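Subject: Structure for you to look at

Hello,

Here is the structure we talked about.

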Amino acid sequence: MIQKDSPIPIYYQLQEQLKEMIENEELDPGTPLPSEREMAEKYEISRMTVRQAVTNLVNEGLLTRSKGRGTFVAEEKIEQTLMKLTSFSEDMRARGIEPGSKLISFEEVQADANTAKHLSIPPDTYVFQISRLRFGDGEPMALEVSYLVKDRLPEDTVNHLENSLYDYIEQQLGLAIDRARQTIEPSFATSREAELLTIDEGSPVLLLERTTFLSDNTVIEYVKSVYRGDRYKFIADMKRQR
Ligand code: 16G
């Protein structure tokens with residue numbers, strides 16, 4: 001299938017053939033790719049050439065490389081809209097994926113300057129710092145660290161965090177979540193984030209920060225989240241302003 005006398009570079013021929021197989025679903029998400037050596041032997045080309053084709057597909061997000069485990073066909077990314085204020089649980093359910101949440105830590109801390117600014121409170125005010133690992137069909141997707149003002153919540157809040165935080169705020173506390181401001185930035189997974197998210201240290205991740213307001217304009221939550229770069233993309237529909 002590789003034409004060595006073609007003016008098209010060999011790595012590019014292999015890359016395009018692999019791409020076609022992924023796009024035609026001949027190679028399903030999660031399928032391990034044969035080793036560089038095996039592919040080099042099969043196509044009678046050098047390992048360097050195989051590596052170049054594979055690296056390009058990793059960079060394009062069609063393949064994922066995992067240290068010590070090999071290279072796999074990437075899972076399809078979750079498309080997250082930026083047009084609606086939704087909870088993690090709602091986002092997952094809307095896609096037929098079962099949401100999950102594991103409380104990693106719950107601490108009462110004094111807000112640092114940045115957290116205080118976002119929550120519109122004086123620095124050093126007591127806040128709950130809630131770290132949760134979020135799952136989709138049992139797979140870790142995101143690590144969320146939420147800050148909520150302690151005085152605005154009941155003492156037993158810690159007992160209500162195994163499921164949806166938004167459900168707790170709205171249904172149990174009867175508060176009306178209204179709007180949010182969110183930023184998204186690229187970053188690399190730290191060793192702790194990598195361990196929790198079961199990705200390699202240094203893998204691309206998306207840092208999301210969200211400040212969520214109630215309808216009376218109080219800030220109910222400031223959250224800093226780390227989303228897996230290999231599993232998420234964000235989507236917005238835009239209309240030209242005239
Ligand atoms: C989203 C929000 C998070 C919120 C959570 C509630 C971001 C980055 N994350 O994941 O702030 O706590 O939804 O989801 O905006 P839940 O109701 O399922 O706990």
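Helices (H or I, at least four residues) and strands (E, at least two) are DSSP runs, numbered from the N terminus. The model is predicted: local features need pLDDT of at least 70, side-chain atom pairs count only at pLDDT 80 or more, and totals for chains, interfaces and linings use all residues. Residues are numbered from 1 along each chain as its sequence is written, and side-chain values use heavy atoms, with hydrogens and water left out.

**Ligand site**

The shell around the ligand draws at least two residues from each of α4 (88–94), β5 (126–136), α6 (165–172), β8 (204–214) and β9 (219–228). β9 has the largest share, 4 residues. There are 17 residues around the ligand, each with a heavy atom within 4 Å of it. S89, E144, S164, L165 and R210 come nearest.

By class, the shell has 6 nonpolar, 6 polar and 5 charged residues. Ala, Val, Leu, Ile, Met, Phe, Trp, Tyr, Cys and Pro count as nonpolar, Asp, Glu, Lys and Arg as charged, and the others, Gly among them, as polar.

Now the polar contacts (pairs of N or O atoms within 3.5 Å). A side-chain N or O atom of E144 is 2.4 Å from a ligand oxygen. For a backbone N or O atom of L165, the distance to a ligand oxygen is 2.7 Å. A polar backbone atom of F88 lies 3.0 Å from a ligand oxygen. The protein buries 99% of the 450 Å² that the ligand exposes when taken alone (Shrake-Rupley, 1.4 Å probe).

**Largest pocket**

A pocket is an open set of points on a 1 Å grid over the protein atoms alone, where a 1.4 Å probe fits, with protein on both sides within 12 Å along at least five of seven lines; lining residues have an atom within 4 Å of a point. The ligand sits in the second largest pocket, with more than half of its atoms within 2 Å of the grid points.

β1 (63–66) gives the most, 4 residues.

Best wishes

How values were computed: Polar contact = N/O pair within 3.5 Å; in protein donor to acceptor, adjacent residues only side chain to side chain.
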